[in-house]
Amino acid sequence: MEFTLTGIIVALIVGLVIGALGRLVVPGKQNIPLWLTMVVGVVAALLGTVIARAAGVADTAGFDWIEFAFQVVLAAIGVALVAGVGSRRRLTR
C-alpha cells in the first residue's frame, strides 16, 4: 500500500464528508470539534470499506451505495459515542 499526498488529501476530504453525514444522522446537537468529526469520518470510512470488502459488496459497477451506507452508519455511531463521552465528561466536572 503506497501513501501519496493526493491519497491522504482525498482520505481527509472523504472523512470530512462521511463525518458530516454521520453528524446529520445523529439527532440533537453534538458539541465536538470539526477535527474530531474528520477523524471519526476517516476511521468510519476505512472500517466501512473493510466491512464492505469482507461482505463482498465493495466492488460493484458504479457508486458503491452499500459501502457508503456502512461508512455513514459507522460515522453516526462514532459521532454519537464521541459526543456522548464528551458530554459525560463535562457533566462530571
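Predicted model: local features only at pLDDT ≥ 70, side-chain atom pairs only at ≥ 80, totals over all residues.
## Ground rules

Local features here need pLDDT of at least 70, and side-chain atom pairs count only at pLDDT 80 or more, while totals for chains, interfaces and linings use all residues. Numbering runs from 1 along each chain as its sequence is written, and side-chain values use heavy atoms, with hydrogens and water left out.

## Packed inside

Val-26, Ile-32, Val-40, Ala-76, Val-79 and Ala-83 make up the largest nonpolar core (buried Ala, Val, Leu, Ile, Met, Phe, Trp, Tyr and Cys joined through side-chain atoms within 4.5 Å; buried is under 20% relative accessible area, 1.4 Å probe, protein chains only).

Leaving aside residues up to four places away in sequence, Val-26 touches Ala-76, Val-79 and Ala-80 (contact is heavy atoms within 4.5 Å). There's also a second, separate core of five residues, including Ile-18, Ala-44, Val-72 and Ala-75.

Not counting residues up to four places away in sequence, Thr-37 touches Gly-15, Gly-19, Ala-20, Arg-23 and Ile-32.

Val-39 is also in helix α2, which spans residues 34–55. At 41% relative accessibility, Val-39 counts as partly exposed, a label for anything between buried and exposed, the latter being over 50%.

Definitions and conventions
Helix = DSSP H or I, 4+ residues; strand = E, 2+ residues; numbered from the N terminus.
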